[in-house]
Amino acid sequence: LDPRNDSGWSPDLATSGPVHLTATFAEPFNAKATPFVTVQLNFGFGRGLLPGLFQIYFITGTDDGTDLPAEIVAALKTPDAERTPEATARLWAYCAQDAQELRPQRVALANLEDRLGTLTKKFSTMIMNVAAKPRETFILNRGDYAQPTTTKVSPATPSALPPMPEGAPADRYGLAQWLVQPSHPLTARVAVNRIWRLFFDTGIVATAADFGMQGENPSHPELLDWLAVDFVESGWDVKRLVTRIVTSDTYRQSSASPAAVLERDPQNRLLARGPRFRLSAEFVRDTALKVAGLLVPRVGGPSVNPYLPADLWREVSHYGSTPATSQTFVQDHGEKLYRRSIYTYLKRTAPSPNMTAFDAPNREVCVVSRGNTTTPLQALVLLNDTQFVEAARVFAERILTRTGDDASRLRWAFAETVSRAPTANEFSVLTGTLARERKRYAASESAAAALLAHGEAPRNEKLPRPEHAAWTQVATVLLNLSETITRN
């Protein structure tokens with residue numbers, strides 16, 4: 001407001017309690033035409049006099065001490081016996097639109113309307129137009145587009161691979177036909193190898209991005225050939241291929257193995273034991289949501305914006321109005337918070353931190369094989385990220401609504417998380433954790449309330465807060481087990 005930085009405002013230092021400052025824009029603007037606005041407030045004038053806890057409110061119209069419209073205020077001031085039916089209807093309509101108690105219903109209705117629009121309304125999509133007369137293409141001198149030679153080239157396929165199908169046009173459509181013709185030796189094998197890698201962490205060809213001369217030979221070439229031929233003959237049925245893999249004796253082996261076998265084949269290239277690897281970032285998040293009972297498995301639809309810490313987009317974005325250039329992250333609500341992670345909107349320069357910590361790429365480059373690291377930051381995400389704390393809270397509600405004593409509930413929760421019964425030592429740890437957390441939250445109900453406030457999923461208010469918080473910590477332990485996020 002004052003670029004000279006030689007004037008400002010400050011409360012009297014002797015003042016105690018809250019103070020406030022009202023700043024009015026010199027020129028009005030249309031809130032509908034300008035849904036987002038950036039205001040910069042400079043505190044302290046460089047002398048370290050920073051404010052403590054503060055809140056910022058934006059008020060439009062006349063500041064009369066209430067944010068209710070004038071007609072609503074007038075209707076409220078009118079006695080019930082004198083209020084007209086129209087005024088009463090206007091009050092209920094405003095209540096349905098603005099009452100905090102009805103916010104979940106409004107969010108659910110908006111999400112349903114959005115889903116209906118996605119399924120029934122027209123939408124734009126990018127298409128590629130083909131020139132009536134394709135331009136001529138020439139070999140470039142040392143690859144420099146500014147130095148074309150006189151040697152003209154035409155569309156064709158590598159001589160080491162099968163020729164184009166008979167009658168196929170020499171364009172992208174013909175190329176697609178060539179890629180999926182049954183005699184093509186690469187397409188089905190590459191696809192099968194990548195799907196195999198999802199379940200074994202390493203493909204039959206370890207270099208999943210390179211089937212060329214510098215790539216690694218397949219560990220089981222006959223298996224790769226058979227799976228590829230079966231994949232093509234089934235009509236490229238991915239679900240059928242996945243079922244074959246996960247129901248095979250090879251996949252269903254235990255990952256436990258004698259030391260001699262581990263020493264002989266540390267990478268399990270001979271498939272003498274079951275695969276063991278940490279789940280990918282999307283699966284880690286989806287696992288927590290599934291165990292909690294929050295996951296929305298519906299397939300299809302636009303991307304969504306689940307929880308994101310702070311306003312990370314502002315750190316990397318320029319001003320703009322499209323999702324790619326927008327500076328403002330607008331979080332979704334309701335069921336959109338719990339869609340499968342594949343639908344999470346990823347801003348290329350600011351991907352979701354809770355998935356980046358688990359080696360999800362930032363989409364600035366295309367990758368075939370992700371890294372697979374284990375770091376302390378991953379534990380911090382599982383223990384503190386809103387999505388996972390909320391999942392633990394809701395999972396605790398599932399546990400508490402089951403009949404039985406503590407022992408039966410603990411055993412059910414453990415099996416629900418890792419699909420096996422707990423050992424005696426594991427059960428002892430869980431029992432001790434529950435007793436410790438019960439004692440802790442019984443002494444501080446405010447701490448229990450703070451823990452249970454994470455996330456937007458509605459809480460079952462019939463459950464006592466200290467008991468709910470104690471079981472939330474037990475659920476947190478279960479969701480943070482190495483076995484929970486590791487394929488064993």
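These questions and answers look at a pocket, a surface patch and some salt bridges in a predicted model.

User: Which helix gives the most residues to the lining of the second largest pocket?
Analyst: The second largest pocket has a volume of about 1600 Å³. Among the 43 residues that line it, Leu 198, Leu 279, Ser 280, Glu 282 and Phe 283 are the closest to its centre. Helices H5, H9 and H14 and strands E3 and E4 each supply at least two lining residues. With seven residues, the top contributor is H9.

User: Is Phe 54 buried, partly exposed or exposed?
Analyst: Phe 54 lies in the segment before helix H1 (70–77). It belongs to a nonpolar surface patch whose members include Phe 25, Val 37 and Ile 56. Together the patch residues have about 770 Å² of accessible area. The relative accessible area of Phe 54 is 45%, between the cut-offs of 20% and 50%, so Phe 54 is partly exposed.

User: How many residues apart in sequence are the parts tied together by Asp 225 and Arg 189?
Analyst: Asp 225 forms a salt bridge with Arg 189, with the closest N and O atoms 2.9 Å apart. Asp 225 sits in helix H6 (residues 221–233) and Arg 189 in helix H5, so the pair ties together two parts of the chain. In sequence, their separation is 36 residues.

User: Where does Glu 483 lie, the partner of Arg 420 in a salt bridge?
Analyst: The side chains of Arg 420 and Glu 483 meet at 2.8 Å, N to O. This pair links distant parts of the chain, 63 residues apart. Arg 420 is in the loop between H14 and helix H15 (424–442). Glu 483 is in the loop between helix H17 (465–479) and E4.

User: Is Glu 437 buried or exposed?
Analyst: Glu 437 meets Arg 436 in a salt bridge (3.2 Å, N to O). Its relative accessibility is 6%. Buried means under 20%, so Glu 437 counts as buried.

User: Which residue is linked with Arg 115 and Arg 298 in a network of salt bridges?
Analyst: The structure holds 23 salt bridges. Arg 115 and Arg 298 take part in a network of them.

How values were computed: Residues numbered from 1 in each chain as written. Predicted model: local features only at pLDDT ≥ 70, side-chain atom pairs only at ≥ 80, totals over all residues. Heavy atoms only, no water. 1 Å grid on protein atoms, 1.4 Å probe; cavity = no way out; pocket = protein on both sides within 12 Å on 5 of 7 lines; lining within 4 Å. Points joined across faces, edges and corners; volume = space filled by probe spheres on them. Helix = DSSP H or I, 4+ residues; strand = E, 2+ residues; numbered from the N terminus. Patch = residues over 30% accessible without salt bridge, like charges linked within 9 Å, V, L, I, M, F, W, Y side chains within 5 Å. Areas by Shrake-Rupley, 256 points an atom, 1.4 Å probe, with all protein chains shown as cover. Salt bridge = Lys/Arg side-chain N within 4 Å of Asp/Glu carboxyl O. Buried < 20%, exposed > 50% of the residue type's maximum accessible area, 1.4 Å probe, protein only.
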